[in-house]
Amino acid sequence: MRRREALAQLRFHWDDAYRIALRDGTYTATAKFGKCDVLTSDDPDDLLRMIRQHYPGPSERSST
């Protein structure tokens, strides 16, 4: 998968909860909740794994 395609897929699925960007070969996902943590990786699949681990459940998210 090309970088732009990977970026588009990440944004499609996670744009409500994260600001997804690609700069200089590094993907970033900045949380739109909590302390606005920033996740980074040079591999989109790795970033997706990190997002899934970081994303809170519904009850945790609604309390912030």
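Is Thr30 buried or exposed in this chain? Thr30 is buried, with a relative accessible area of 16%, where buried means under 20% relative accessible area, exposed over 50% and partly exposed in between (1.4 Å probe, protein chains only). The model is predicted, so local features need pLDDT of at least 70 and side-chain atom pairs count only at pLDDT 80 or more, while totals for chains, interfaces and linings use all residues. Residues are numbered from 1 along each chain as its sequence is written, and side-chain values use heavy atoms, with hydrogens and water left out.

**Overall architecture**

- The chain has three helices and three strands, taken as DSSP runs numbered from the N terminus (helices H or I, at least four residues; strands E, at least two).
- Read from the N terminus, the order of the elements is α-β-β-β-α-α.
- Of the 64 residues in the chain, 31% are buried.
- Among contacts (heavy atoms within 4.5 Å) with a separation of 6 or more, 22% join residues 24 or more positions apart.

**Surroundings of Thr30**

- Thr30 belongs to strand β2.
- When neighbours within four places in sequence are left aside, Thr30 is in contact with Ala17, Tyr18, Arg19, Cys36, Asp37 and Val38.

**Salt bridges**

- Side chains of opposite charge can pair when their charged atoms come close.
- The structure holds three salt bridges, each defined as a side-chain nitrogen of Lys or Arg within 4 Å of a carboxyl oxygen of Asp or Glu.
- Glu5 pairs with Arg2, with 3.7 Å between the closest N and O atoms; Arg2 is exposed at a relative accessible area of 62%, whereas Glu5 is partly exposed at 38%.
- Lys32 and Asp15 form a salt bridge whose closest N and O atoms are 3.9 Å apart.
- Lys32 lies in the loop between β2 (26–31) and β3 (38–41), and Asp15 in the loop between α1 (3–14) and β1 (18–23), so this pair ties together parts that are 17 residues apart in sequence.
- Lys32 is partly exposed at 40% relative accessibility, and Asp15 is also partly exposed, with a relative accessible area of 36%.
- Asp46 and Arg49 meet through their side chains in a salt bridge of 2.6 Å, N to O.
- Both Asp46 and Arg49 are in helix α2 (residues 44–54), where they stand three residues apart, about one turn of the helix.
- Asp46 is partly exposed, with a relative accessible area of 26%, and Arg49 is partly exposed at 40%.

**Largest pocket**

- A pocket is, on a 1 Å grid over the protein atoms alone, an open set of points where a 1.4 Å probe fits, with protein on both sides within 12 Å along at least five of seven lines; lining residues have an atom within 4 Å of a point.
- The volume of the largest pocket is about 160 Å³, counted as the space filled by probe spheres set on the points, with grid points joined across faces, edges and corners.
- Ten residues line the largest pocket, and Ala6, Gln9, Leu10, Asp45 and Leu48 lie nearest its centre.
- Helices α1 and α2 each supply at least two residues of this lining, and the largest share, five residues, comes from α1.
- The lining of the largest pocket comprises six nonpolar, two polar and two charged residues; Ala, Val, Leu, Ile, Met, Phe, Trp, Tyr, Cys and Pro count as nonpolar, Asp, Glu, Lys and Arg as charged, and the others, Gly among them, as polar.
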